[in-house]
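Got a protein model open and wondering what to look at? Let's walk through it with some questions and answers.

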Amino acid sequence: MRLDPAVARRKFEREVERVETQVAVLRSWGCFVVRAAYPHVDAVFMPRKPMRLLLPVKSQQGQGLIVLPNPQVQFALFEQPALAGRAFGVRINLSDFDQRAPGVSFHDPFTWELLPYASLPLGQHTDEHGKTLRVVLDGHPTTKRPFLCLRGTLEYHEHPQHSGDEWALWRDQCGLFTTLFAVWRTCVEGARPNLMLQPNGRPFIVWEMEQVA
Amino acid sequence: MSNNPNSLSLVFIINGEDVSVKTNVHAPLEAARAKALAESGNTGRPPEEWEIRSESGALLDPHATPEALHLKENTRLFLTLKVGAGGCR
């Protein structure tokens with residue numbers, strides 16, 4: 001069922017207005033709304049948690065005459081204040097909102113082209129029991145694109161594996177601001193990139209989930 | 001600023017809207033949460049389904065008191081629904 005266009009625009013304007021009143025909060029997140037033209041709101045997120053460099057240190061091979069079996073590789077950690085995760089753009093699609101949930105897509109902040117999965121931030125969600133799930137996934141069955149798998153997004157509620165979790169149950173509590181908050185919490189605030197130099201000389205990215213509780 | 005040393009105003013941000021409530025510094029945060037949800041008309045889901053987070057995104061214990069958490073007058077907190085996530089393959 002399509003929403004009356006006039007109603008849809010009013011709801012869009014209400015959502016944008018709510019976000020505009022919280023511009024200081026968004027800025028503190030590193031979130032900058034760069035365009036708001038119905039039905040899309042485009043925002044750029046700028047991670048700022050410094051990247052850490054993990055370098056292998058010579059592990060202890062033994063103690064005196066005692067040779068340790070299978071000595072573990074240890075790493076020294078160096079924070080790089082001038083480096084952080086890559087900035088990324090997000091488009092929130094409010095077509096037929098709030099009859100439909102907000103859609104979320106990831107974009108290159110310079111060209112606004114859709115970002116491939118390999119260039120996306122690691123999105124992680126930790127629940128109240130401490131279980132961590134990846135929430136930025138590739139290959140949505142409908143869009144065939146990377147997507148944010150979180151309740152409150154169009155891609156989640158229209159995914160066949162969530163057919164029992166209807167958007168209608170959540171629509172009163174979700175909107176543009178909550179969507180931006182969810183992107184920030186899962187893709188920016190909750191993840192820090194670590195560049196690990198493995199003993200074999202190959203670099204490896206380890207995304208560290210911050211324990212925010 | 002309230003004259004009552006036990007009274008504190010907290011600002012909950014619910015779906016982008018500020019909701020200011022007065023609470024007692026010795027009362028658990030869940031009391032202020034319930035009040036904020038009621039005053040903003042967000043009564044469709046139980047208060048327990050709403051997470052309280054600080055401005056830095058840290059998850060706060062709803063059973064903790066403002067005093068224990070060292071919350072100041074007009075501290076801003078986020079109220080968001082517990083998120084269902086992931087599971088897609």
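Q: Is A:Glu79 buried, partly exposed or exposed?
A: This is a predicted model, where local features need pLDDT of at least 70 and side-chain atom pairs count only at pLDDT 80 or more, while totals for chains, interfaces and linings use all residues; residues are numbered from 1 along each chain as its sequence is written. Chains are lettered from A and ligands numbered from 1 in the order in which they are written, and side-chain values use heavy atoms, with hydrogens and water left out. The cut-offs go by relative accessible area with a 1.4 Å probe, protein chains only: buried is under 20%, exposed is over 50%, and partly exposed is in between. A:Glu79 comes out at 43%, so the label is partly exposed.

Q: Which residue forms a salt bridge with A:Glu79?
A: A salt bridge here is a side-chain nitrogen of Lys or Arg within 4 Å of a carboxyl oxygen of Asp or Glu. For A:Glu79, the closest N and O atoms of the pair are 3.7 Å apart, and the partner is A:Arg52.

Q: How many residues apart in sequence are the parts that A:Arg52 and A:Glu79 tie together?
A: Helices (H or I, at least four residues) and strands (E, at least two) are DSSP runs, numbered from the N terminus. A:Arg52 is buried, with a relative accessible area of 15%. A:Arg52 sits in strand β3 (residues 50-57) of chain A and A:Glu79 in strand β6 (residues 74-84) of chain A, so the parts they tie together are apart in sequence by 27 residues.

Q: What is the relative accessible area of A:Asp165, a buried residue?
A: A:Asp165 pairs with A:Arg151 in a salt bridge of 2.9 Å, N to O. The two link distant parts of the chain, 14 residues apart: A:Arg151 is in the loop between β12 (147-148) and α3 (154-157) of chain A, and A:Asp165 is in the loop between α3 and α4 of chain A. A:Arg151 counts as partly exposed, at 23% relative accessibility. For the buried A:Asp165, the value is 12%.

Q: Which residue of chain B belongs to a salt-bridge network with A:Arg14, A:Glu15 and A:Arg18?
A: Start inside chain A: the side chains of A:Glu15 and A:Arg18 meet in a salt bridge (3.6 Å, N to O). Both lie in helix α1 of chain A, 3 residues apart, about one turn of the helix, and both are buried. A:Arg18 also meets a side chain of chain B in a salt bridge at 3.4 Å, N to O. Bridges that share partners join A:Arg14, A:Glu15 and A:Arg18 into one network with B:Glu17.

Q: How much area do chain A and chain B bury between them?
A: Contact means heavy atoms within 4.5 Å, and 34 residues of chain A are in contact with 28 residues of chain B. Buried area is the accessible area (1.4 Å probe) that two parts lose on being put together, summed over both. Carbon and sulfur atoms account for 55% of it, and the total is about 2600 Å².

Q: Which side chain makes a polar contact with the side chain of A:Ser105?
A: A polar contact is a pair of N or O atoms within 3.5 Å; within protein, one must be able to donate a hydrogen and the other to accept it, and residues adjacent in sequence count only if both atoms are side-chain atoms. A:Ser105 is found in strand β8 (residues 103-107) of chain A and is buried, with a relative accessible area of 9%. At 2.8 Å, its partner is A:His107.
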